[in-house]
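Hi everyone, thanks for coming.

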Amino acid sequence: MVQIQNSAFPVTDFTAFRYKMLNWANRFNIFCLLDNQQYAFTDPAFECILAVGCKRNIALPAGNAFNELQQLYNQRQGWLFGHLGYDLKNETEQLTSSNPDGVGFSDLHFFEPEYVVKLGKTTVEIMGTADAPAIFTAINNCSESFSAKSTSPVAISTRFTKEEYIAAVQQLQRHIVRGDCYEINFCQEFYAEKVKLDPLAIYKQLIELSPNPFAALYKVDGRFCLCASPERYLKKEGHLLFSQPMKGTARRHLLDDLQDEASKQYLKDSAKEKSENVMVVDLVRNDLSRICKQGSVKASELFGVYSFPQVHQMISTVSGELTGEELFTDIIRATFPMGSMTGAPKKRVMELIEQYERSRRGLFSGAIGYIDPHGDFDFNVVIRSMFYNQTTGYLSFQAGSAITFYSDAEQEYEECMLKAGAMLKVLA
């Protein structure tokens, strides 16, 4: 078998080339762009990576999805890109989902790409194909601009009125008082129907307004996820696992440095925000302990505060060491869905989420990412994201917050609106 070398080419304008890549990728039915947005909180494995085309793939409902995914990976250990939908909970915890889903992503989808393109600040690497020079030329010949963002007004509706949302939060707090749970992530959907828009143009506006280190643009047969996520779900690097749960939010004040610093300091000092964060950290530590070496799981950073364009966020880092014998899917099965988007105890909280939320989460609060030929992987948390079905014109995004005994229902509603702000602004 002939080993095809990777090919590198010079890039003079990173941003322009990234948008040319997207216009080139959009001619395929399936592609996945993962973009670090030039953040340097941690040392990224790449600045920007694009997987295009499909040699083989699986798209499955919850039930036997993890076993099928492991079989796909075992057949040939190359690159796999794809997503884990929130409703895989029905497989990991034997639950059910009956709320409506207007977008229609499968519970699990992974594909082996025809081409993998890594874009750095000054070079682009086209991997594992003899067609690399032709691909580079084809990308360079694409436009760096997109069409108008929409051809009809986007009128956003919600599943809850403000009053209904507040009443639901208060009901959930009664569950907390009864001891059913300690913390629950409660979300609401914003949606529009029969929308015509260019997903690439909307994604460009979204990441320019709200660039975040786990951004993604993902297309599967006419369904798009436009993701501006700041949160990592899980990363495997050799025998080490890292999870970075995010819980605790404060508004940015970009026109007033003193007020912005005061907001950041509030987050650092807030007993309420720290209590939300530490509950999730304990949950993640418990999840990692199910798969990692005994005694190896630790919180290597607790209550770190990081600034993003729209909000300050409290992020902790939990790590653990694997034996090296674990299957890829065993690791995911033990830790998914992520604690930051569920709550504690996880199974009971997911039952309450199904009871009180009014739409199926689908890909929202799931994960998008990759597993590489060496068995390492990295997945984000799909939040701050829009979902669009190009065939039906259904557009959706969701936002939520952590509900505890100490939560103020009206403030939780305002936090949802803050998190939805960038998406509402782009669509306006």
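In which strand does serine 229 lie? It lies in strand S12, residues 223-229. Before we go on, a word on what you are looking at. This is a predicted model, where local features need pLDDT of at least 70 and side-chain atom pairs count only at pLDDT 80 or more, while totals for chains, interfaces and linings use all residues. Residues are numbered from 1 along each chain as its sequence is written, and side-chain values use heavy atoms, with hydrogens and water left out. When I say helix or strand, I mean a DSSP run, numbered from the N terminus: H or I with at least four residues for helices, E with at least two for strands.

Back to serine 229. Is serine 229 buried or exposed? Serine 229 counts as buried because its relative accessibility is 0%. Buried means under 20% relative accessible area, exposed means over 50%, and partly exposed is in between, using a 1.4 Å probe and protein chains only. The side chain of serine 229 reaches the backbone oxygen of valine 381 at 2.6 Å, and a polar atom of that side chain lies 3.1 Å from the backbone nitrogen of glutamate 231. Both are polar contacts, that is, pairs of N or O atoms within 3.5 Å; within protein, one must be able to donate a hydrogen and the other to accept it, and residues adjacent in sequence count only if both atoms are side-chain atoms. Setting aside residues up to four places away in sequence, serine 229 touches several others, including Pro213, Phe214 and Val381. Contact here means heavy atoms within 4.5 Å.

Now for helices. Helix H1 covers residues 14-25. At 1.5 Å a residue, its 12 residues should span 16 Å, and its end C-alpha atoms are 16 Å apart, so the two agree. The expected span is 1.5 Å times one less than the number of residues. How many of the 12 residues of H1 are buried? The count is 10, so H1 is largely enclosed by the rest of the structure. Among them are Phe14, Tyr19 and Trp24. Aspartate 13 caps the N-terminal end of H1, with a side-chain oxygen 3.3 Å from the backbone nitrogen of threonine 15.

Helix H8, residues 271-289, has 19 residues that should span 27 Å, and its end C-alpha atoms are 26 Å apart, which agrees. At the start of H8, a side-chain oxygen of serine 270 reaches to within 3.4 Å of the backbone nitrogen of lysine 272. The buried residues of H8 include Val280, Val284 and Leu288. An α-helix has 3.6 residues a turn, so residues three or four places apart point the same way.

Next, the empty spaces. Rolling a probe the size of a water molecule over the atoms shows where empty space is left. On a 1 Å grid over the protein atoms alone, a cavity is a set of points where a 1.4 Å probe fits but cannot get out; a pocket is an open set with protein on both sides within 12 Å along at least five of seven lines; and lining residues have an atom within 4 Å of a point. Grid points are joined across faces, edges and corners, and a volume is the space filled by probe spheres set on the points.

The second largest pocket holds about 410 Å³ of space. Of its 29 lining residues, Asn36, Pro213, Phe214, Arg232 and Asp378 lie nearest its centre. As for cavities, there are 6 of 30 Å³ or more. The largest cavity has a volume of about 170 Å³ and is lined by 20 residues, with Met341 and Gly400 among those nearest its centre. Cysteine 187, in strand S10, touches Met341 and Gly400, among others. Strand S10 is one of the elements that supply at least two residues of this cavity's lining.

Last, some backbone details. Most residues other than glycine have a negative phi, and most peptide bonds are trans. Here, the bond from phenylalanine 336 to proline 337 is cis, with omega near -5°, and a cis bond also joins alanine 344 and proline 345, with omega about -10°. Phenylalanine 303, in strand S16, has a positive phi near 65°. Serine 365 also has phi near 65°, and this serine is buried, with a relative accessible area of 0%.
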